[in-house]
Each structure stands twice: as C-alpha cells, then as structure tokens.
Amino acid sequence: GGDMWPLLQALSLAPPSALSRLPAATPRYLRAPGVRLSLDASALSAVGEVEDAAPAPDLRLVAPAKVNLFLRVVGKRPDGFHELASLFQTVSLFDDLDFWTSPREEGAPLASLEVTPDSLGAELIPTDESNLVVRALSLYAERVPSSPAIHCRLHKRIPAQGGLGGGSSDAATALHAANRLAGLPVSQETLIEWAGELGSDCGFFLSAGTAYCTGRGELVDPRRPLPPTACYLIKPAAGLSTPSVFKALGLEPGEAGPAGADPADLLSRFEAGDVYNPDLYVNDLEPPAFELMPELRQMCDDLRKFGFQAVMMSGSGTTCFAIGMPLEEVQETWVDELQAKYDVEVFEEMFCRRIADEPSLWYTEQPPGAVLTNIEEPERGLFPL
C-alpha cells in the first residue's frame, strides 16, 4: 500500500549493515518468495540503534559467502596444484565488517582486528597476522603509504570450513574498505592481483559477484551478474579437508581431470539465463567427497526429492546448495525433515551482487537516491539490471 513507500525509500538508502539487520518479519515483497533472511537473534538490533559507546565506524560493509555453480578439474599440474575452471557466485549470507581510521603513528600497528563476542565460532578466530583481514589491511598499508591506519571489527555469520569462502570474502572486503578509505587510489584490477596473493579465491569477491575463475581459482574473469535466484545453503556439522578430497580424486601430476562438459559451454549456458537447468551444475569434487562421506550423497538425493530445481555440493564441500524453490506441499516442512535426519544448518539465501562498474560501491550498497524496483515482481529482484 501507499503507506509502505516511505519505508521502502528509507530502506533503499539505509546502510548495508542496516539492511542485513532487517527483522525476519520483513515485508514479503522485499524478499524472494519464501526466502527468509538468515538472521540470528544478535542481528535483530533495531536499524540505527547504537551498538556500544565506541564512535560510529567510518565505514560499514558486508562480506558475502560464495558457492561454485560448476567446478571442473581440468587436470593436475606438474607443480602439484590442480587446474580448475569454475563459475563463482556470491550469496546473501553476510559477515559484517566495521572500519575505523586513524592517522599513522610511529610504533602503532597499521592494521588491527577485533571479533564480536557473539560471532559464529568467535573463540576460534585469530586476531593477529594469521587472520586474512589483518593480512589484507597490512598489505594495503605497506603498498599505499599515504593510507591511514585501520581498525576492523568483524561479526562472523558465515560458517568456517564449509567451502563458502568467508575468510577470503572478509579479506577482499577489507582491501576494498582500505582503498575506499584512502580515496580509491588503486584500480580494481590491481586490487584483484593483490587479493590473489592473500588466497586463491580472494580476488573473486572484487568482481560484481559472478566470475569465471581458472588456474587455482586466482585468475578472475568478472562476468555480468546472474539474475537474483533463490539459493538454499545446507551446511553439515561434519567437514572434509580440501586436500583429502583432491587426494581421493586421485590425479597424478600432469594427468587430465575427469571427462565431462566443456567449462566454456557451461559458462555460456549459465550466461544465457539457464540457471535452473540441473545439467549445468557439475562438480568434479563431488564423487571423491561422496566416497569419503556417503551421507552427503544421500542428503543431496533427499534435497532433490523435495523438488529443488538443482542440488549440488559447493567446491570441496561439505556445504551443499539447492537452487529454486521446493515443492509447495513441503515448503513448510522440508527443513525440519532434513534436520531430523542430518546434523545440518540451513540458510535461505539468494544470489547477490555489486553494482557493476561502480568501484566505490560494495555488496548491497546502492547509489544515493536509488529506490527499490520491481516490488510487484519480487522474483525479478529488487534492483534494476
């Protein structure tokens, strides 16, 4: 109704951290049909509420999780690394990062990090140089001597070790933040190269949310963002180490990967809009992962029975994802059924994106004055393409 319009305009201008804190009762047309925002109780602080007595951050950003929509192992290189070809896609499960700047001072650290006590796995998250966020901020500070010292507060919602790329995303978000707080002196291309030094999938997050990644994943070819699509993440409590999955794949150095679809062909079909075609979701690491953990195969089969259009394990696992919507008759019950049988967390998310060609804007951010569009057709997404 007409009374909702001021709220919609306010939301479109709200900082991303506020959008990520929308209560679960957000009006239906702000979300995809049947997709609830994944929020824990700690995230339900009112929009604009002061969290503590610290001064307001200079910048608040979100760091999205990612899935691999396809992952082909092209072969094992003589140096022992596997050559990959994969379509990476960001999804709307976010970590929150707040940044404060201060002038550089002799003897004071150029980069520091704190983790909120209610972060997921807070006690296991290091805050020294072994954390990728600190490494990213330090790397930027070393290479851009005119930049300020930066302190970051991280609130973690993306589960670790599920192949969702949370640590890499936090690092990429920190690089973007450092560049923005320094006045954007470094090009996107250079930032992507620097991110590649931090971790093989860090550079991806500096794309607009969809990219074709090759090499070990560090060669990033940003593509036009895919349309907003419902994407449910299913994260088992049990993990698999990435090396163990590659080892079970069993390639010798110099050996080609499994036969199958040409990655360039898969890419062109995704880009033609065929996101609901189950044949395009190919992951060469699924067979070895299923061998190591047979219940993963069973769980994916169960998800298909619920009627999702496509179901696949992401990356080296153990997180799996389901695309589209379940059958109407199980819409209210499938999560309970799945959790009665498997020890899993379920996140109801969507593909997300940055506004392409806007290096100064990050995920969920809108240009000043932007308003939400397509309110009558939520399945077409909130933002103009």
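Reader: Which residues line the largest cavity?
Author: The lining of the largest cavity consists of Leu 110, Leu 137, Tyr 140, Ala 141, Ser 147, Pro 148, Ile 150 and Ala 178. Keep in mind that this is a predicted model.

Reader: What volume does the largest cavity have?
Author: About 50 Å³.

Reader: And how many cavities of 30 Å³ or more are there?
Author: The count is 1.

Reader: Which element supplies the largest share of the lining of that cavity?
Author: Helix α3 does, with 3 residues.

Reader: How does the lining of the largest cavity split by class?
Author: There are 7 nonpolar residues and 1 polar residue, and no charged ones.

Reader: Now the largest pocket. How much space lies in it?
Author: About 1,400 Å³. Its lining has 49 residues, and those nearest the centre of the pocket are Gln 161, Gly 163, Gly 165, Ser 168 and Thr 242.

Reader: What classes of residue are in the lining of the largest pocket?
Author: It has 20 nonpolar, 22 polar and 7 charged residues.

Reader: Different topic. Where is Asp 98 found?
Author: Asp 98 is in strand β2, which covers residues 82–102.

Reader: Is Asp 98 buried or exposed, and why?
Author: Asp 98 is buried, because its relative accessible area is 4% and the cut-off for buried is under 20%.

Reader: What does the side chain of Asp 98 make a polar contact with?
Author: The side chain of Arg 60, at 3.0 Å. Leaving out residues up to four places away in sequence, Asp 98 touches Pro 57, Leu 59, Arg 60, His 151, Cys 152 and Arg 153.

Reader: What about Tyr 281, where does it lie?
Author: Tyr 281 lies in the loop between α7 (263–271) and α8 (286–292).

Reader: It's in a loop, then. Does it count as buried or exposed?
Author: Tyr 281 counts as buried, because its relative accessibility is 8%.

Reader: Which residues does Tyr 281 touch?
Author: Beyond four places away in sequence, Tyr 281 touches Leu 69, Phe 270, Val 275, Ala 310, Met 312, Phe 321 and Ile 323. A polar atom of the Tyr 281 side chain also lies 2.5 Å from the backbone oxygen of Val 275.

Reader: How far are the C-alpha atoms of Tyr 281 and Phe 70 from each other?
Author: They are separated by 5.2 Å, while the two residues are 211 residues apart along the chain.

Reader: And Leu 233, where is that?
Author: Leu 233 lies in strand β7, residues 230–236. Leu 233 counts as buried because its relative accessibility is 0%.

Reader: What does Leu 233 touch?
Author: Not counting residues up to four places away in sequence, the list includes Val 67, Val 91, Leu 93, Leu 164, Phe 321 and Phe 347. Glu 345 and Glu 349 are also among them.

Reader: What separates the C-alpha atoms of Leu 233 and Ile 323?
Author: A distance of 9.1 Å, with the two residues 90 residues apart along the chain.

Reader: I want to check the backbone as well. Which peptide bond is cis?
Author: The one from Gly 317 to Thr 318 is cis, with omega near 0°. Thr 318 is in the loop between β8 (310–313) and β9 (320–323).

Reader: Why bring that up?
Author: Because most peptide bonds are trans, and most residues other than glycine have a negative phi.

Reader: Which residues have a positive phi, then?
Author: Leu 184 is one of them, with phi near 55°. Thr 364 is another, with phi near 70°.

Reader: Where are Leu 184 and Thr 364?
Author: Leu 184 is in the loop between α4 and α5 (188–198). Thr 364 is found in the segment after β10 (344–350).

Reader: Last thing. How many helices and strands does the chain have?
Author: There are 10 helices and 10 strands. The chain has 385 residues, and 53% of them count as buried.

Note on methods:
Residues numbered from 1 in each chain as written. Predicted model: local features only at pLDDT ≥ 70, side-chain atom pairs only at ≥ 80, totals over all residues. Heavy atoms only, no water. Helix = DSSP H or I, 4+ residues; strand = E, 2+ residues; numbered from the N terminus. Buried < 20%, exposed > 50% of the residue type's maximum accessible area, 1.4 Å probe, protein only. Polar contact = N/O pair within 3.5 Å; in protein donor to acceptor, adjacent residues only side chain to side chain. Contact = heavy atoms within 4.5 Å. 1 Å grid on protein atoms, 1.4 Å probe; cavity = no way out; pocket = protein on both sides within 12 Å on 5 of 7 lines; lining within 4 Å. Points joined across faces, edges and corners; volume = space filled by probe spheres on them. Nonpolar A, V, L, I, M, F, W, Y, C, P; charged D, E, K, R; others polar.
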